[in-house]
Amino acid sequence: MSSTTVIEAPTSHKLELHTAYGPVYREVLNTEPRDATEEEVPIIDLAGLSSGLESRKEIAKALCNAGTNMGFFYIKNHGIDEEVIAKAKSQLLTFFQQNTEAKEQVSQDKSTYYNGWKAPRSTNISRTESVDVKESFSWRYQPENDPDHPQPLSSLPAEVQPWIRGEEFVWQGTSHLPDFKSDVLNYWKSCLQLARQLVKVFALSLDLPEDYFDTRTTFPGADGVMNYYPITTAEETASNAVGLGSHTDLQLFTLLWQDEVGGLQVLTKEGQWIKATPKPGTFVVNIGDFMMRLSNDFFKSTVHRVYNRAKVERTSMPFFFGLNFNCVEGVIPTCTSEDNPPKYGPISCGDWCQLRFKLEAERMAKKLAELDATTKLIAK
Ligand SMILES: O=C(O)CCC(=O)C(=O)O
Ligand SMILES: [Fe+2]
C-alpha cells in the first residue's frame with residue numbers, strides 16, 4: 001500500500017509592522033480582499049458639527065462605535081470646500097509631473113524633519129512587502145500658516161519652538177509653480193480647522209469636556225502629505241508590489257482625501273483585508289497609534305495599505321493630526337479604571353513620532369542598500 005502526503009496550502013501568513021518600539025507581527029489570511037460593509041466602515045454625517053453640544057454628542061456616539069470597532073470611517077458634510085480640494089489636487093498633479101531634477105529641489109534628503117519629496121520606490125514601510133511604489137510630498141506645521149492664530153515662530157512660547165517641524169525649503173523649492181503654496185496650504189488649513197472641530201467630538205466620546213484637547217492642539221502635529229501612485233508596471237503587478245505597504249498611522253487621527261481610483265485596504269481583527277472604496281464627497285478618517293495609546297487601546301489604530309491595480313495613476317492627500325509635540329501625555333484618566341489600569345506611560349507626542357520616523361528611515365536605508373547590492377550582483 002502506498003500512502004500519499006497531502007500538503008495543504010497555508011491559509012495565512014505573517015505580516016511585520018513598525019511601531020515606535022520596533023516590529024510587531026500580525027497573522028493575515030490568504031483570502032482575496034473583499035469590499036467593506038457599511039457596518040465595518042460606516043459613513044458619519046458631520047452636518048451637525050457646529051449646531052451645538054447635543055448634535056456633537058450624537059456624532060460622538062457614532063464616532064465611538066466606529067472608532068472602537070474598525071477604527072476607520074468616512075465623514076460626509078465635512079465642510080471642506082470641493083474647490084479647495086480640486087485646486088490642491090491639481091497642484092499635486094503639477095508637482096509630480098515635473099522632472100526629477102525639479103522635484104529634487106525639495107528632496108527629503110534636504111530635510112531635518114521628513115519634509116519634502118520622496119521618490120517613487122524609495123521607501124519600504126513594511127518589510128514583509130515590496131518597496132512602496134508611490135512618491136510623496138510632505139510638509140508640516142509652521143505657526144505662520146495656522147488659519148486660527150497665524151504668528152511667527154519667534155513669538156511662540158520658548159518650550160514650544162524647538163518642536164516645530166515645518167521647514168520653509170518645501171515652499172522655496174516649489175515657488176516656480178504658480179499658486180502652489182497658497183492652493184496646497186488652503187487645503188491644509190481647511191483640514192486643520194476640521195480636525196480641531198473633530199477632536200472635540202473625540203473628547204466627548206471619551207467622556208471628556210469637549211474643549212479637553214483645545215490647549216493641547218494649539219501648535220499641533222499637522223502633517224500634510226500628497227501621495228502619487230504611478231500605474232503599477234507589469235513586473236510589479238506580477239511580484240505583488242504595494243503602492244504603500246501595511247502600516248498604522250502615528251498621531252491622533254488622519255483625515256484622508258482619496259480620488260475615485262480606489263486601492264485603500266484595511267485589515268480586520270480576523271486578518272482579512274477589506275476595501276475602503278472611494279465615496280464621492282467624503283473623507284476617510286482613521287485612528288492613529290497615539291490616540292490608541294491615550295485611550296488605553298479603547299480606540300483602534302488599524303493597519304491599512306494601498307494597492308493600485310487600476311490602469312490609471314492614483315492620488316491621495318492625507319492630513320495627520322496630533323497633539324502639540326511638546327505635550328507629554330499618558331493614558332487619559334477617563335479611559336482607565338481599577339480593572340483597566342493604564343498600559344502606557346507618558347511620552348511627548350513629538351518624541352513618539354520621531355522614534356518611529358527614525359526607525360523607519362534607518363531600516364529603509366538598510367533595505368535599499370541591500371537591494372542596490374543585489375542589483376549590482378545581478379548586473380555583474
Ligand atoms: O493613499 C491612501 O489612500 C492612504 C495613504 C496612507 O495610508 C498614508 O499616507 O498613511
Ligand atoms: Fe496611513
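Predicted model: local features only at pLDDT ≥ 70, side-chain atom pairs only at ≥ 80, totals over all residues.
User: What does UniProt call residues 218-323?

Analyst: The UniProt record, an unreviewed entry, places the feature "domain: Fe2OG dioxygenase" there.

User: On to sheets. In what order do the strands of the 8-strand sheet come?

Analyst: The order is E4-E5-E13-E10-E15-E8-E7-E6, and this open sheet has mixed pairing. Strands E4 (43-45) and E6 (116-118) stand at the edges with a single partner strand each, so one side of each has no neighbour in the sheet. On average, neighbouring strands are turned by 25° against each other, direction ignored.

User: How do E7 and E8 pair, parallel or antiparallel?

Analyst: Strand E7 (residues 135-139) and strand E8 (residues 220-229) are antiparallel, with 5 bridges between them. Phe137 has Met226 in E8 as its bridge partner.

User: And which strands does H5 lie across?

Analyst: H5 lies across E8, E10 (253-258) and E15 (314-324), and it runs at about 50° to E15.

User: Which strands are at the edges of the 5-strand sheet?

Analyst: That open sheet has the order E3-E12-E11-E14-E9, with mixed pairing. Its edges are E3 (34-35) and E9 (244-247); each has a single partner strand, so one side of each is left without a neighbour in the sheet. E9 runs antiparallel to E14 (residues 304-306), joined by 2 bridges, and His247 stands opposite His304 in E14.

User: Now helices. At what angle do H2 and H5 pack?

Analyst: Helix H2 (residues 82-96) and helix H5 (residues 180-205) pack at about 130°, with their axes 8 Å apart. They are therefore oblique to each other, and H2 passes H5 in a left-handed crossing. The contact includes Val84, Ile85 and Phe95 of H2, together with Phe180, Val184 and Tyr187 of H5. By class, the contact has 7 nonpolar, 3 polar and 2 charged residues.

User: What about H1 and H5: why are they described as roughly perpendicular?

Analyst: Angles of 65 to 115 degrees count as roughly perpendicular. The axes of H1 (residues 53-69) and H5 cross at roughly 75° and come within 8 Å, and the two helices are therefore roughly perpendicular to each other. Among the residues that meet are Ile59 and Leu63 in H1 and Val201 and Phe202 in H5. This contact has 7 nonpolar, 2 polar and 3 charged residues.

Notes
Residues numbered from 1 in each chain as written. Chains lettered and ligands numbered in written order. Axes fitted to C-alpha atoms, helices over the stretch in contact; angles between N-to-C directions. Helix = DSSP H or I, 4+ residues; strand = E, 2+ residues; numbered from the N terminus. Parallel < 35°, antiparallel > 145°, perpendicular 65-115°, else oblique. Left-handed = near helix turned anticlockwise from the far one by under 90°. Contact = placed C-beta atoms within 7 Å. Nonpolar A, V, L, I, M, F, W, Y, C, P; charged D, E, K, R; others polar. Pairing = 2+ DSSP bridges. UniProt positions renumbered as here; feature names shortened; annotations may be inferred.
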